[in-house]
Amino acid sequence: MNSIESSEGQEVQNLGSGAWDNPVYSGPPSPHGTLRICTIASVVPPQPEPKKPEDGPQEKAHGILVSSCCLQIGRGIRGLWGTTLTENTAENRELYVKTTLRELLVYIVFLVDICLLTYGMTSSSSYYYTKVMSELFLHTPSDTGISFQAISSMADFWDFSQGPLLDGLYWTKWYNNQSLGHGSHSFIYYENLLLGAPRLRQLRVRNDSCVVHEDFREDILSCYDVYSPDKEEQLPFGPLNGTAWTYHSQDELGGSSHWGQLTSYSGGGYYLDLPGSRQGSAEALRHLQEGLWLDRGTRVVFIDFSVYNANINLFCVLRLVVEFPATGGAIPSWQIRTVKLIRYVSNWDFFIVGCEIVFCIFIFYYVVEEILELHIHRLRYLSSIWNILDLVVILLSIVAVSFHIFRTLEVNRLLGKLLQQPNMYADFEFLAFWQTQYNNMNAVNLFFAWIKIFKYISFNKTMTQLSSTLARCAKDILGFAVMFFIVFFAYAQLGYLLFGTQVENFSTFIKCIFTQFRIILGDFDYNAIDNANRILGPAYFVTYVFFVFFVLLNMFLAIINDTYSEVKEELAGQKDELQLSDLLKQSYNKTLLRLHLRKEQVSDGQKILRAGEQEVQFEDFTNTLRELGHAEHEITELTAAFTRFDQDGNRVLDEKEQNQMQQDLEEERVAFNTEMENLGGSIVSIPPESCAEASRAGRWVSGEEFYTLTRRVLHLETVLQGVVSQVDAVGSKLKMLERKGQLVPSPGMGEQGIWEHPQPTPAVTPAPWGVQGGQESCGGGVLKHQTAGSSLTASPEALSAHVPHF
């Protein structure tokens, strides 16, 4: 023993402070049969501390309990926001996997919550509600067979507005002409309340908005350009009385702009709110038609109204749009937004309230987490795409919460205003628009939230194949994309110029781009191209399909396939690291081990009670447990059971009390057996006791870390061999030049003195670490590497001489 200690002290002096120290890894002792490396924490031996007067047993136990509780609370608070970016997981694979697994579990709860919130704001009835409204107002024909979708002139518009529009808006009687009994309120399809009064609004352009060529000025006296805000007519016209004939700005109407088929229109204009009855509305529309409300200056007409269905708690905000382009004719379009503006009505809505509270808690949690990570890593934090994705999800979530509050307050204001003035126009268009954008934002946020799962499952080799493949081939794809889009946009411009005047899919440059993507996917109309240009049409189609589909697209797939094969080959050759399955196995084995130890305690207690003695003394019970090899904390657990069944408190169990205790222990033993059977498998063997030196050191270096170190040494040897071979090649060339007389050696230097160099040492491939003779070697800090037929023994001095500092 003294010799071992002296050799260890000599090692410490040679290696210096902190040799072989690995403070990161502090896990349990390695299982039997694996490499165990003893660590030396410091060159200074621990000084014995002066003994302090011991406290009483109760005070000592109380102090230990308080310190343990404080330690657990501190660890809990610290680990609450512990992530792979805030914890030191670079050299501890087990800590990395555990931290990632905890992050994944917390994030799954957040993902479930955000899914409930997103889907809780939608309804399966929304589609059918939209379908019913569209069939009523878009597909219902008039007496002349004109529906809204078939409008092609101003006459068709008046035919539709005085027929199907009024028939669809005003439902005051049953199909047998019996009154609905709701007064003047209209219930479309007997279920949907018409909110307020429908509104007609038009926008016009000035007569001088364009210039007529001088050759036609005698025949064409007026000119009305396409719509733009600077050419908008703002002067009264017609009878000059009423809102339908005078202009009102967007601020006066409280409206919003609209993006139509041709251009974008402002929220102002000339408007008319229809009366509350069908007869009054028909009269108002007839006056507008007779007064020539629509003329050459009209560029667009809007029909806005909103309905509410209390059965499903949904609003349907409709906007029917008819654009009158400068070319003549009419282009109908529509927007039907079915939204849920009133919240917290049903029991499901109140469940969603709880989800919203949990969502806010998660947002606060992740905001603090991101602040901590930004504080630690500064601008380096933004170098990872996953961190940027985290910030995007958090920002979108904060915007969603803010809009939710705004939407609730605004709906309450509008409904209150509508209840006070039921015959006024209910402008829910602005709110419905932003509710739709809010739903779109939540959809994008939920999409990013699902993609973010890849961040937490990337510790698995299989899961990293996608990200590794895309990251490696990014440069190749970028270079290929330049070549692809040069050809792609060249064909898009060619198609626009060749077919833009005759084929709708090529009428604009943007439509050309999407049409060509559709051609790649096999969705195209060849007859339209052929009819537009019988010579260049087929040539365009054949060459585009050949170069883009057969050549460029297959090059793109080849880049990805080659990169994927390389990544898969590299991952297959990598050393297996600690995976999630290994961590689950460790937890499983630890659980079985605890159950096994507890079962042994119960069995030993039963053996003592079955000894046949009529009375069992407390001291004999504890002494027998000590003889059986139980630790003090195990004895404490069994003596607690002894005290529980000692009903008279005389520290002696009589025969009746023994039977009761034995029956209780038997039930506990059966329960442990059942639990172990449910877990299945065999109990892992208990690792052997560590050596005395390792116990004093209290730290271990894992075999994985030493394997990494050895691999780096071998890599360095390979690099040095390459350098030596290059030096040999240069030396050979210089010798040839010297023989030819082109190079004269320096005086006093021989040939051997110039080119002499040490011989490279042969590379050694590390085999799996084993144990000689089935025993673990811990003394003297010597590492033993067992190979087939021979063993490689390396002391720390030898390794320190060869291992570079990384």
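Two strands pair if DSSP finds at least two bridges between them. Keep in mind that this is a predicted model.

**Exercise 1.** Find how many bridges join strand β2 to β3, and in which sense the two strands run.

*Solution.* Start with β2, residues 187–188: two bridges join this strand to β3, and the pair runs antiparallel. Next, pick out a facing pair: F187 stands opposite L193 in β3. Finally, look at the connection. β2 and β3 form a hairpin with three residues between them, and Y189 in that turn has a positive phi of about 55 degrees.

**Exercise 2.** Work out how β3 pairs with β7 and with β6, and whether β3 is mostly covered or mostly uncovered.

*Solution.* First take β7, residues 298–309: ten bridges join β3 to this strand, again antiparallel. As for cover, β3 spans residues 192–204, and twelve of its 13 residues are buried.

**Exercise 3.** Describe how helices α5 and α7 are oriented towards each other.

*Solution.* The axes of α5 (residues 154–169) and α7 (residues 278–290) come within 11 Å and cross at roughly 170 degrees. Angles over 145 degrees count as roughly antiparallel, and α5 and α7 are therefore roughly antiparallel to each other. Among the residues making the contact are W158 and L166 of α5, and L285 and R286 of α7. By class, the contact has five nonpolar, five polar and three charged residues.

Definitions and conventions
Residues are numbered from 1 along each chain as its sequence is written. This is a predicted model: local features need pLDDT of at least 70, side-chain atom pairs count only at pLDDT 80 or more; totals for chains, interfaces and linings use all residues. Side-chain values use heavy atoms; hydrogens and water are left out. Axes are lines fitted to C-alpha atoms, for helices over the stretch in contact, and angles run from 0 to 180 degrees between N-to-C directions. Helices (H or I, at least four residues) and strands (E, at least two) are DSSP runs, numbered from the N terminus. Angles under 35 degrees count as roughly parallel, over 145 as roughly antiparallel, 65 to 115 as roughly perpendicular and the rest as oblique. Contact means heavy atoms within 4.5 Å. Ala, Val, Leu, Ile, Met, Phe, Trp, Tyr, Cys and Pro count as nonpolar, Asp, Glu, Lys and Arg as charged, and the others, Gly among them, as polar. Buried means under 20% relative accessible area, exposed over 50%, partly exposed in between (1.4 Å probe, protein chains only).
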